Amino acid sequence: MNTKRNKFYITTPLYYVNDEPHIGHAYTTILADVINRYYQSIDYDTFFLTGTDEHGQKVQEAAKKNNITPIEHVDKFVKRFQDTWKNLNIKYDDFIRTTEKRHTDRVQEILNDLFKKGEIYKNEYVGLYSVSEERFITEKEAEEGNFREIKKLKETNYFFKMSKYQNQLIKHINTHPNFIKPESRKNEILSFLKNKLQDLCISRPKKRLSWGIELPFDNDYVTYVWFDALLNYISAIGWKSNDDQFNKYWPADLHLMAKDILTTHCVYWPTMLMACNIQLPKTIFAHGWWLMENQKMSKSLGNVIKPLDLLNKYGADALRYYLMKNMVLGQDSSYSYESFVERYNADLANDYGNVVNRITILIEKNFNAHCPEPGNYDNKELEIITKAKAIPATVDKNMKNMKIHDALESAFSLIRLINKYLELKKPWKLVKENKDPKSPAATCLYLSAELLRISALLLKPIMPSKTKITLSALSQSDIMSREFGQLIPNSKIKSPGSLFPRIEE
Ligand code: MSP
């Protein structure tokens, strides 16, 4: 049998290593992890990349302030991201740092290639420069007022002929409906491209900034951080150093990020790839922002939530669930501790926790901790089975359409269905009448446990650790099939205790 598996390559942005990881960074990374685990669960050959952006002015300044070298500084700070991802149960395949040789070598090769091909040229430029954003901005951008510390700068620099690719890019966007998602973001980029595209300044003179990748053709300059960082998406999977891996995974299936870095990903990145004759990624998806009291979270506003605070108290799964459930992909969402507690208590402590406890405890007590054998199903049960059998397909459809919170809703509808069924049948009463194999009590508890098994599999990408506990409680950690009827009667069942203790405030 020819069983070539589909591949799926997903990336997060490379976070600025200086920043303290907060809920915004955690969101994108958890989202990528959830999507990646989902594709794994349906047998795709997946590759999930994240990492840190480690060059630039801010790192240079921070290191100087702390009296250490920039590399000592980034080596120290990268751990905050790596530890956070570990604690959030993020299972990435690779973590790339832009200071690694496997990356810097590739960036220099590309720069050399492009310079030789005449895609990069030297020019004197006078323009408005935003110190905080570390880039030249247009008059229009300056007027819009979103940039800080603007000064006029006259400098000789190297430029990438980005403007040359304007029409090709517009054409690509128009002929590839999935290239920029959601639709509103695509329109934003198309309207940005109505203005004439400028060439991109890709160098910084060393006298102003030395912490960067040296231009291979002029050692008075380093590479502009964005030109350097974007290339991680191909350097990490072995562009020009491991062709097999690169050819297997490129083009990326999904570059995930928030809307703040849409232009760099939808304009700079594709034109860079065009100049290199490399295929463009399939989808660039920009989600909304997590807001605190309706403002974007940021270090300078001092309103960031440290995910670790919630994590240490309530566990990774609860935080993962909350973040996935409370943001409609594409829209902004407001974080509040109250909304977290409400969500946790209603969905996790009540719905999920109760279902697991009820089923496992009843089986433990009444069937000697072994899965009972079901008899014939009555009409109500057949109806429930029909409903339940349709749920995995709805989850698949929603996941593939990036409707993660709808997928979650569908998976949770199965939990609610089990709870309703238990209320209807009252197995705690039935067991008092008859506990024989194939009795109504045995049938009800078998069916409930089987539906619980399926719902745990559907929720596994979002809550990997609590669903693992649930599946082990049913002795089913090895059976990955979402088909109805896989739970083996007589297998051992053991109550896992309280999975999500209620938060009492
Ligand atoms: N270093 C660049 C990216 C280079 S990619 C080649 C960068 N880094 S960043 O640390 O600022 O990360 C930005 C990303 O972090 C956003 O696009 C988003 O994925 C995530 N978020 C940061 N704050 C966020 C919110 N408040 N809400 C949602 N996501 C947020 O830009």
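The following dialogue explains how to read several features of this predicted model.

Student: How many helices and strands does the protein chain have?

Tutor: Helices (H or I, at least four residues) and strands (E, at least two) are DSSP runs, numbered from the N terminus. The protein chain has 19 helices and 16 strands. Its C-alpha atoms fill a box of roughly 90 × 55 × 40 Å along the principal axes.

Student: What share of the residues in the protein chain is buried?

Tutor: Buried means under 20% relative accessible area, exposed means over 50%, and partly exposed lies in between, with a 1.4 Å probe and protein chains only. Of the 505 residues in the protein chain, 57% are buried. Accessible areas come from the Shrake-Rupley method with a 1.4 Å probe; for residues, only the protein chains shown count as cover. The protein chain exposes about 22600 Å², and carbon and sulfur atoms supply 47% of that area.

Student: What share of the contacts joins residues 24 or more positions apart?

Tutor: Contact means heavy atoms within 4.5 Å. Among contacts in the protein chain with a separation of 6 or more, residues 24 or more positions apart account for 75%.

Student: Which residues have the most contacts inside the largest nonpolar core?

Tutor: In soluble globular proteins, nonpolar side chains tend to be buried together. A nonpolar core is a set of buried Ala, Val, Leu, Ile, Met, Phe, Trp, Tyr and Cys residues joined through side-chain atoms within 4.5 Å. The largest such core here has 100 residues, and I35, L256, L323, M324, F340, Y344 and Y352 have the most contacts inside it. Helix α18 (residues 440–459) supplies the largest share of this core, 14 residues. Another core, of 59 residues, lies apart from it and includes F179, W226, C266 and M272.

Student: Which residues does Y344 touch?

Tutor: Not counting residues up to four places away in sequence, Y344 touches Y314, A318, A349, F500, P501, R502 and I503.

Student: Which residues come nearest to the ligand?

Tutor: A residue is near a molecule or strand if one of its heavy atoms lies within 4 Å of it. There are 26 residues around the ligand, and L14, T28, D53, D260 and W290 come nearest. The shell has 14 nonpolar, 8 polar and 4 charged residues. In this classification, Ala, Val, Leu, Ile, Met, Phe, Trp, Tyr, Cys and Pro count as nonpolar, Asp, Glu, Lys and Arg as charged, and the others, Gly among them, as polar. The largest share of the shell, 4 residues, comes from β1.

Student: Is H55 buried or exposed?

Tutor: H55 is buried, because its relative accessible area is 7%. This residue lies in the loop between β2 (45–53) and α2 (57–65). The side chains of H55 and D228 are joined by a polar contact of 2.6 Å. Leaving aside neighbours within four places in sequence, the residues in contact with H55 include T98, T99 and W211.

Student: Why does E109 count as partly exposed?

Tutor: E109 is partly exposed because its relative accessible area is 27%. E109 is found in helix α4 (residues 101–116). Its side chain makes a polar contact with the side chain of R106, at 3.0 Å. Not counting residues up to four places away in sequence, E109 touches W239 and K240.

Definitions and conventions:
Residues are numbered from 1 along each chain as its sequence is written. This is a predicted model: local features need pLDDT of at least 70, side-chain atom pairs count only at pLDDT 80 or more; totals for chains, interfaces and linings use all residues. Side-chain values use heavy atoms; hydrogens and water are left out. A polar contact is a pair of N or O atoms within 3.5 Å; within protein, one must be able to donate a hydrogen and the other to accept it, and residues adjacent in sequence count only if both atoms are side-chain atoms.
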